[in-house]
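Subject: Handing over a structure

Hello,

Here is the structure I promised to pass on.

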Amino acid sequence: FDSEYYLYGSNNECESLAFVLNLKKYKILKKLSEYDKKHKLIVCCNIKKVKKELKKYKIKHEKEYLKLNDIYKIINKGFKKYIEWVNFRTYFNRRNFFNKLNIIRPKTNNIKLINKIPSIYLKNSEMLIKTMNSRQKNIECTSLENYCNIDYNGYIWGCCPGWIKLPFGNILNDINSYNSFRANIIKLSSLNRTYCFCDFNKCKFGHPKTDSKKTKILKLKNYPEEITIAIDKACNLKCLSCRKCYNTKSSKKAEYIAQKLADTDWLKKSKIVMAGQGEVFLSPVYRNLLFNEIKSKDIRLFTNGTLFNKKNWEQVQKKYKEIYVSISIDAATKETYQKLRCGNFDVLVKNLKMLGEHRKNNEIRFFELNFVVQRDNYKEIHDFIKLGKKINVDKINFTKLTDWGTYTKEEFNKKTMIIDNKYLNKELYSTLKADIMNDKIVNIESFKEYIEASKEKYE
């Protein structure tokens, strides 16, 4: 698709296809009579609608124009590799998997049939049909367009892997999969505000609403504005909501992924977030990236804080100009911290005070704390806010508990304090309605809908 193309169809259809195909040069025709046969034509609408017109102007298929089915065949490229990955995540053996896939595969482009298929089984062409025909949501979110998360298997996600149903691709298989056809279709679902591959039941932070129904400007970047590097599980803590046992050794795969990342220009151009998995100051893979490979001067550190001591701070400060610090704690007392995170609370508090002083002196650009609300710690929410204010934090994020496979269903239901995924336990509702929760540093965005539903139930 290096040469110029003419596109014919509705503006939405043409712009969407041009984005997914990453057309460098194209012109949208209002009438077929404008076609001059110097360039190839892509008919973006149903061919039945324009068949007579094409005959009238003697425009011949394949020689002069491509129809949607031709485009679908092109963008389905790579789907077989993708479903080989899916196969490992299902109970099907290889033969049964393909048989099942053929049974549920629709023979038409009917959106109703496509919507019945789980997203993970959709061909790229079916994903495009779903994206272009789904209903728009009045939500404003740009994660899929500007961001990516690279996980410990090398998969590139447009958001947190738990909040979106499909990855863009895998950096180990193809370093350019951030801009693959599949990736562009997922990005398109954000640009046209359908968000049809997002899982809003799991998304922690919620999103601002918008009254606009306009499609955002369709543009394609060769690299993400921000990358979360979550390639190593090694951590010095054993948080109950995250893992069942200690894992302090880095994997060989993490080293391979880090090398692939170092081969891109992303570590120079993008804002870097470390780390969505494991502990950044424990893992040798992370430390090598942090202190040697990353060329960007902008760093956001996600850490448990227990190893973020004076020595590590001095190394970070020496290399980076823009430093953002986000620390996950989930407790305001030593007893609760030991129970939930199995770490040394006294060491943590010492480090927090040190970092708070650096924030006060503007050596840290932004300082935030994270608190996953659950039955074992909800009574400490107010004390946690007081702790945050003492150490000069900019924001405290209170988020709902997510099951990452470490709980049984019964255990999770006891801990979550959200009933039927609709409203809050009465005790938690009363805690979140207290005046202290209105402080400007408090963020309870992920609980807003539950609070509204609980208000109708309890008041």
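Before the sheets, a word on terms: two strands count as paired if DSSP finds at least two bridges between them. Helices (H or I, at least four residues) and strands (E, at least two) are DSSP runs, numbered from the N terminus. Please note that this is a predicted model, in which local features need pLDDT of at least 70 and side-chain atom pairs count only at pLDDT 80 or more, while totals for chains, interfaces and linings use all residues. Residues are numbered from 1 along each chain as its sequence is written, and side-chain values use heavy atoms, with hydrogens and water left out.

**The ten-stranded sheet**

With that in hand, an open sheet of 10 strands runs in the order S7-S6-S5-S8-S9-S10-S11-S12-S13-S16, with mixed pairing. At its edges are strand S7 (169-170) and strand S16 (442-443), each of which pairs on one side only. Within this sheet, strand S12 (residues 366-373) and strand S13 (residues 395-400) run parallel and are joined by 6 bridges. Asn-370 stands opposite Asn-397 in S13.

**The four-stranded sheet**

There is also an open sheet of 4 strands, ordered S2-S1-S3-S4 and paired in parallel. Its edge strands are S2 (26-29) and S4 (65-66), each pairing on one side only. Strand S1 (residues 5-8) is joined to S2 by 4 bridges, and S1 also pairs with S3 in the parallel sense over 4 bridges. Leu-7 is a handy residue to look at here: it stands opposite Ile-28 in S2, and its bridge partner in S3 is Ile-42. Further along, S3 and S4 run parallel with 2 bridges between them, and Leu-41 stands opposite Tyr-65 in S4.

Two helices go with this sheet. For what follows, contact means heavy atoms within 4.5 Å; axes are lines fitted to C-alpha atoms, for helices over the stretch in contact, and angles run from 0 to 180 degrees between N-to-C directions. Helix H1 (residues 11-21) lies across S1, S2 and strand S3 (40-43), running at about 160 degrees to S2. Helix H2 (residues 47-56) packs on the sheet and touches S1, S3 and S4, its direction making about 140 degrees with that of S3.

**The chain as a whole**

The protein chain has 19 helices and 16 strands. Its C-alpha atoms fill a box of roughly 80 × 55 × 45 Å, taken along the principal axes. The radius of gyration is taken over C-alpha atoms, and the globule rule is 2.2 Å times the number of residues to the power 0.38. For 459 residues, a compact globule would have a radius of gyration near 23 Å, and the 25 Å of the protein chain agrees with this.

**Backbone details**

Most residues other than glycine have a negative phi, and most peptide bonds are trans. Two spots are worth a look with this in mind. A cis peptide bond joins Met-274 and Ala-275, with omega about 0 degrees; Ala-275 is in the loop between strand S9 (271-274) and helix H12 (284-293). Cys-342, although not a glycine, has a positive phi of about 55 degrees, and is found in the loop between helix H14 (334-341) and helix H15 (345-360).

Happy to talk any of this through.

Best wishes
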